[in-house]
Amino acid sequence: MIDPVLILARFALYGLALGLAGVPLYLWLTGAGLPSRHFRPAYIVGALLAIVASLLAAATAVTAMAAMPLGSLDMATFTAVADATPVGTVLDIRLVAYALLIVGALVFPRTWVLAAIAVVALGTHALTGHAGAGEGMAGHVQRALDVTHLIGAALWFGALLAFLGGIVGKGPPAPLVERLEGFARIGTAVVAVLAVTGAINGWLIVRGGFALDSDWSFLLLAKLGLFGVMLACAGLNRWKLTPAFSAGMPGARGRLLASLTVETLCAVGIFAVVAWLGMADPTGM
C-alpha cells in the first residue's frame, strides 16, 4: 500500500515546483516584468516551502523503500538508502536549486534567472516515479518527454496564477486582456505539447501491460477528465469571457475570475492525481 504521507508530500512538491517555475517562465516568455512588490516575498516563501516539501518527500520515499514508519527513521538509515538510490541525488539538486531561488529573488530578481533555476528543480521530477524507473533508451526518451511535459504544465499553471493575480488585484482591463489574448496563442502550443508527450509517455508506461480496473487506470481517467475541464474553461475564456471583459460588460470580471479559478483548481487536482499516479502500478499488482 502506498503511504498517504508520501502522496501528500509529492502533491505539495508538484504544486510548488510547477508554480515556482511557471510564473517566472510565463513572465519571461511574454516579456513582462515582476508583477508587484509582493512577488518576491511570496516567491521566497514558496521556495522555503519547497525545501520543506523536498525533505519530507525524500524522507517518506526512504521509509517506503526501507519498509519502516516515518517516525522511526534515523539519519544513518536515511543516508544509506538515499545514497544508494536516486533519492539522494534528487534531493541534493532540489535543495541547491531552491536555495539559489531564494538568493536570486533577494539579490537578482530577473525572471529568466528564476525560471532557469526553477526548471532545473522541476526537471528532477522526471528522475522519480515511472519515468525514473525507465531503463535503456526508452527510459531516456521517457524522461526527456516527462521534462517537456512538466515545462508545458508549469507554463500553463504559471499563466493561470498570473491571470488570477491580475483579476483579484483589480488591475485595469486593457493590460490583462492583452495578456489573456496573447497567451491564447502560446496556450495552443502548450496543449499540443502536453497531449503528445502525455500520450507517448502513457504508451511507454503501459507497454508492459496494464489492468483496466487498476488504481492507475482510474487515476489516469481522472487526470484526463480534469484536463478536459481545463480545456473547456480555456476555450470559454478565449472565445466568450475575455471578449466580454474587454468590452466592459457588467459582471464580466466576476465570470472570468470564476472560470480561471475553476481552471486553476482543476490543475491543482491534476497535481494531486499525478502524485498518486506516479506511485501506482498499471497492472494493479
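I began with Phe 108, which is partly exposed, its relative accessible area being 38% (buried means under 20%, exposed over 50%, and partly exposed in between, with a 1.4 Å probe and protein chains only). I then placed Phe 108 in the loop between helix 4 and helix 5 (helices are DSSP runs of H or I with at least four residues, numbered from the N terminus).

I noted that the model is predicted: local features need pLDDT of at least 70 and side-chain atom pairs count only at pLDDT 80 or more, while totals for chains, interfaces and linings use all residues. Residues are numbered from 1 along each chain as its sequence is written, and side-chain values use heavy atoms, leaving out hydrogens and water.

I next looked up the surface. Phe 108 belongs to a nonpolar patch with Trp 28, Leu 29, Val 103, Leu 106, Val 107 and Trp 112, and together they have about 740 Å² of accessible area (Shrake-Rupley method, 1.4 Å probe, with only the protein chains shown as cover for residues). Patch residues have over 30% relative accessible area and no salt bridge, and nonpolar side chains are joined within 5 Å; a salt bridge is a side-chain nitrogen of Lys or Arg within 4 Å of a carboxyl oxygen of Asp or Glu. Helix 4 gives the largest share of the patch, three residues.

The largest nonpolar core has 58 residues, of which Tyr 26, Tyr 43, Tyr 98, Leu 101 and Phe 163 touch the most other members (a core joins buried Ala, Val, Leu, Ile, Met, Phe, Trp, Tyr and Cys through side-chain atoms within 4.5 Å). Helix 7 gives the most to this core, eleven residues.

Technical notes. Helices (H or I, at least four residues) and strands (E, at least two) are DSSP runs, numbered from the N terminus. Patches are made of residues with over 30% relative accessible area and no salt bridge: like charges are joined within 9 Å, nonpolar side chains (Val, Leu, Ile, Met, Phe, Trp, Tyr) within 5 Å.
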